[in-house]
Structures are given as C-alpha cells and as structure tokens.
Amino acid sequence: MSAKPVLQKVRDAVNEVDFNRFRFWFQLVAFVLFVYGGYLAIDLGSKLPFFSCGYNQEGRAGVCYLLPLQHQLGRNWAVLFSIASLSILTGFLGFALWFIVLNKGWCGFVCPLGTLQDWISALRRRLGIRFSNYTHGQFAQLTKIKFVLLALIILIPLGVGGGFFSHDMSPPFCLICPARMILPIFTGDLSQFTIDFSSKTAVAMTALGISVTALFLVGSFVKKRFFCFFCPMSALHYLISKPALLKLKKDGSKCTRCGDCYAVCDMEIKEIADDVTTTNIMTDDCTLCLKCVASCPETGALKATFAGIPIFVSTEAGFIKRMNKGCQHGK
Amino acid sequence: MKALVSAGLGLLLSMGLVGGVLAEGVTDEHAAHATSEAPRARPPENATPEEKRAFYQKRAAERAKAEAAGEPVAPRPSEAQIAEWRAKREAREAPAGAPAADDHGHGATPAKGRGESGTSKSAQDKATPDKAAAKPEEAARGSGRSAGMGMRGAGGAIWLSDSPPSRGDASARGGMGGMSGMGGMAMGGERSGPPSKRLWLRAGNDPQKSGFAREDAEAESETLLVRPQGPLAGETLPPLADGKKNLAFEMPVQGYYRVYASSRKLQGETLNVSVAKAEIANFSHGGDEEERAQALTAPRILESAPIEIVREKAPDEKMFFQLKSGDEQAFVVLQKGLPVQGARVRFVSHEGWSKEAVSDEQGRVSFQVIRDYFPAWDDFKKRFKASYLIIAEANAAEKGVFKDQPYSNVRYQATLAGSYYPSPDDYRSYAWGLGIGLLIVLFCGSAVYLYRRRRVKPFQEVRFDER
C-alpha cells in the first residue's frame, strides 16, 4: 500500500483548487470584514496597506495608511521637522509590517476597491460586453501615472504644511479617491457625493473627486482593474516589495510562452508571458491575484511562495481540472 | 491720516484743553482715553484681522524687549479704563430702541433684545420668573452691583473661555477674529512636551463681548482641575492673582479635562454661589487605545460641585465631536451630582442670540444650535469656530452662615462654554455632486460606446466562384 504523504496530498489539493471560486469567496469575506467590520467593533488600526477607507466611518474595520500619512505630512513644518514626526516613521513601520505579509496580494485579494472592480467586470461579462485593452504604447505611458500620484501624495501635503497650498487640498489623494465616495455608500452614507462650496479650492477638489469616481465606474466597466493601473498605493507597494514574504516566481526553463498567463492577466502585464529570465516576476502593475499561476499548464513554471515555501504551484493536473470545470478565464 | 488726527486729539486731551464731554465724540476710543502718555500705535483702519494680529504681536514683542532692556514703555491701560471704553462703545453700538448699557457695561443688554425677538416662536419654553424668583443678574443690576460672584468684570455671568476677550475692535468680531483668534489656546504645548491648555475667566453674558473677570476680595474663590486619571474630587489650582488673566495646565493623557472656577459671596441675606466650568476634550489618533476607551466612558461630573452644567453626549458621539449649527444639544444641571428641576437655563449663541428654558425633573434641557454665521460668501470659513455660553440659575431657601454672616437663601449660578461650527448643509450640495457625476458617467459611457461602434467594421460577405 503506497499512500501519498499527507503533505503532498494537501499540496495537490491546493494546486488543483477551483481558484476562481476560492478567490471570489476570499474577496467577499475580506470586503465584508473591511466595510462592515466596524459594526462588530473590529479595528485593525490605521496602517492598512489597501483601501479600507477611513471615510466609511461607521463600518470600517481599519483605515488605509494613505490617510494618516497625508495628514502627518501636512503638519506645520515646525512640527514636521521636529521630534514629533517620529510618529511618521513609526507609522510607516506599522504599514510596512502589514504589507510585508501579503505583498501586493493585499490588492489582488483584500482591497475592497479592487474587489468592487472585479464585481463590475463580472457584471460586464454577464451582460456579454467585451472588455478593452490598452495598446503597448498606451500601457508604457500610463503605467507611470501611479508614481506621479505617489509623488503628489507626498509633495502636496508638504506644501499644505508649509503654507503654499490651502488646507482644503488636504488630504489630496483621499479627496480624489473613488473609495472615499463609493465605500461609504455600502453603509448608507452618501454624504461624500457632494460638492463643497466653502472655497474655490474645495469646489475644485470635490468636483475632481466626483469626476474621478465617475471615470472609475465607467472605466471599471470596460477595463479590468481600471483604477489599479493608476493606484499610488500600488506604486508604494512596489517600492518596498523586496523583503515581502509572498512572492510570484517564474521558472523560465519550464515556460513554453503559450501566453495563457498574459491572456488572464487583468493588468495586461506582458512580461509574465514573455520574460523567461527573471525569477521574481512581480512587476509594479501586478496585483498578485495569482490568476496567472492558476491558468498555467506547465508544472512548476509559475508559483507563489511564502517566505520561500511554495504555497501555490502551476500544475498540468490543476490546469486540466480547472479547464474541465469551465473556468471563465480571460472572458 | 486718521492716526494723525487721533494722535492730535490724544495730545489735546492730555493737555487738558478739552474736557470729558468732548471725548464722547472721539471715534478712536484708545486715542481718546490716552492721558499724559503719547498715544499708542494702532493698526490701520482697513487692516485685515491677520494684519492686525501681526501688528499687535509685533507691538507686544517690542514692548517686552523694551521692558527687558529697562527702557521706559507706555503704561498699559488700566482695567477701569478698558471697562469705561467698552461701556461707551457698547452704548454707541446699541441698536435704536434697545436699552443702553448700564454703568457696568452689560454686554448682554443688546443681545437680549435680539434674543427675545428670536425666541418668540418658542415662548412656551421661556421661563417666566416672578418677582420673587428674579434673575440674579437682574437683581444685581438693580442693586448696582455685578452679578459676577467672586470675580467682577464687565457684568453678567462668570465663565471660562479658551480665548481672551477681543481687543475691542468691532471689525474683528463676527469674522475670524474674536473667539477664533486662539491666541492662547496653546493646544500642542511645547514641541516636545505634552499638549497644554489655557483658559480665561471672563465676565458677561455674551461670548464675544464679555471682558475679563476681575478679582473680588470679598469673595471666596476656588479653582479645581479634574484630570482624566486624577482624583475624582479634582486638584486645586492656584488662584488667579497679581493681574494674571489666565490659567494654564498640561494635558499629558487623553480624556476630558474639567476646570471648575467657583466662588461664594454674600450679598445682603443672599449667598451667591457661582461655578464656571470648562470641559476640554484632549484626544489624538495615536496613543494608548485603552486609555482612550476609558476616557470616553468615564464620568464627567463633580459630585462636590454646588452646581454644574454637563453637556450630554450623544450615544454615538466620537472623540473628535464637533457641534454643528442646526444640531440639537442637551445639557443637564446638577447639584452635588443630583439633577436640578426648574433651573432657568439660557443658551447664548456667538452673536448674542439667546433662548431660555427650564430644566425638567432630570435636570435636562435641550437647545437647537442656531445658524448665526452669515459672512459674505467669499469670507465664509467652514472651520469657523463659534462659541456658545450656557448659563443656569437656581434659587434655594437655604439658611446658613458665611464668614460669620447669616444668610437666608442661596442663589446658584453655573456656566459652561462650548463651540460650534457651520453645518455642512450650509456649504455642501448633493444636487451638484450627483449632477456632475451623472453627467460624466453619461458622457464617458457614450464616448466609449460611440468609439467602439465606429471601430466595428460592417459585415461584408465575399463570395468565391468555385467553378
């Protein structure tokens, strides 16, 4: 009697899992937790590396780190350049500790705004409407926007603290972030859908915020993970992703460049299929959704590792099982 | 030019060439009341509040520098002079038909006129005290004495404020000046130290017009500070003395800090007991969460207080609570921790509008905070901090002895000041927000649809002749 070791059985079960279903339920649970967890007195702090929006005052189970970061950077310069600003460093350390666990997996599995985009895409798919793609030229240009936004997140609050900009511009990214307007709706709060007429700056910022939200809704409908492409949190993630525990690895020697991974990638990252030399294949646009691993037919070509331990590996058996279940990859 | 005229008039007055009668017609009261000294420099008439503030800060710095160097400096005007100027100014500013301010410069007089017209719709709420239960301040006015007990000032109730009286500059009041000057708020304290708070004891029934309260040697005073993690009975603060106008204390832990400035004074057979209370919420995003949770649920009453007003917290009130115009706010009047029924409680708004109600059997009374901030739209500030003042009064037929003098009844007065801000409903628009959003969704949706349609190539059947 030759029974497979238990550990191998577990690995096979994981590698052959119905990945789309697993991800759907994981995202749903995370969405409920971070949009309604506050009602259960859950509070995971204000250093979260994803859009658990602080403006969702009643239901949030924690606060996105970009909100306190902008507030801290917007302090009066006399305070900012004093010992009091040690809190900025400790805050960043807290954020980094959260981030290091799941790397950009926070985007692909936990971020409520990312989940919403996936749901909007699912609605489009059910309506039989095709999705849009960027050209390679557009992709190359647009991918830089998130870094520009990240720079503005730092510079504008500094300008506010220094008296160069109005306080009505603070916190600048939150004022234009779609999460500020959309997530509170799930707890019945529509108050963010207003134009603030108290000053010219406030009018401009709130109108810009509503415009970005409208673009988000239309964009997410025709383009998968539309907003993630411009997300400054994604840029920040990428800059500190080196020591993260969760990683996406590729073994180029096993890749046949069939292009399945590129076909299912919501972010249209071409390197995932074309690059057969890089081992650590996660790029700045990647959300670590791991759909590429699930769609890869070559055993061991793509894998997700946690602290160096493979936790989800592409296998031929897993690929066939998922195909037979009629996975809707790429639609 | 005007400054030159003022200086000239001041000089004439100092030479004794014109009498006090002429001084009534002088527009610049500071120059008019300058005596033997050279008139003090004043900011230009058309200066903005920020420019005026910068001017006064510079002048104070120069004075401090001169004093430190031992150089002669112009003496500050005395309290009596300031009170006299204020009384005259209020007499000039009093609306036609309204009674003029009395000798004590009761700032509440014109405000009361406004308040009564404003509260006519809720006349049932207004207390109608009979002569026997006349309001203490009215009795005090009648006797020509201040109702402020323990401390005296421009008249009216004694209360604790987080800002000093405005500089008598009418243009500063009603705008961002006055209460919002925050000259001594000092939240944040030293850069590396704990936050601190400064409070001023003021006298008057109008948050903007009240002046400094003055010491009264006949009264018995005590100031208590109750810290969040300190003794429930509080700790005694040193009394204001030697011309010191404010009291300051540090707030090293999070929570509600309460200050009680109480005084007792005998007037005839009546013992006047007044308690001016201030409650300061000191919370921050960081720090010990358990400490914060404890502070939010800790009791906020002083059981030894002869009378006090407690602002009732809403069940869902957060630590960074801000009262907005239009909100309903309840207060509870307590004596020794027990509710007082039938106390006359008056709400005075930033602009002096007032409304009076009587506490119920639970000592509770509720007011809707009115909107009384109406600047020109370009000057509108959504963070404008307006102040309100609550004054509660109750009489009791209690006999006793105070400083070896018997009394047959006690008149209690409690005050509590707070702040409120413009309601978001005043400056936020759903219609515009939703309208702009909908417009962009329709525009972008249509653009995507038309773009895609334009790229669809019409079906063209090509038939091959296979023969």
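Biologist: Which residues of α9(A) do A:Leu66, A:Gln70 and A:Leu73 in α3(A) meet?

Modeller: Happy to start there! This is a predicted model, in which local features need pLDDT of at least 70, side-chain atom pairs count only at pLDDT 80 or more, and totals for chains, interfaces and linings use all residues. Residues are numbered from 1 along each chain as its sequence is written, with chains lettered from A and ligands numbered from 1 in the order in which they are written. Contact requires C-beta atoms, placed from the backbone, within 7 Å, and the α9(A) partners are A:Ile153, A:Ile154, A:Pro157, A:Leu158 and A:Gly161.

Biologist: At roughly what angle do the axes of α3 and α9 of chain A cross?

Modeller: Helices here are DSSP runs (H or I, at least four residues; strands are E, at least two), numbered from the N terminus. Axes are lines fitted to C-alpha atoms, for helices over the stretch in contact, with angles from 0 to 180 degrees between N-to-C directions. The axes of α3 (residues 66-73) and α9 (residues 145-161) of chain A come within 7 Å, and the crossing is roughly 40°.

Biologist: Which residue in β4(A) is the bridge partner of A:Ala304?

Modeller: Good one! Strands pair if DSSP finds at least two bridges between them, and the open sheet of chain A has the antiparallel order β2-β3-β4. Four bridges join β3 (residues 302-306) to β4(A). For A:Ala304, the partner is A:Phe312.

Biologist: How far apart are the centres of domain 1 and domain 2 of chain A?

Modeller: An automatic or database assignment sets the bounds, giving domain 1 (6-16 + 245-324) and domain 2 (21-237) of chain A. Taken over C-alpha atoms, their centres are separated by 28 Å.

Methods:
Two residues are in contact if their C-beta atoms, placed from the backbone, lie within 7 Å.
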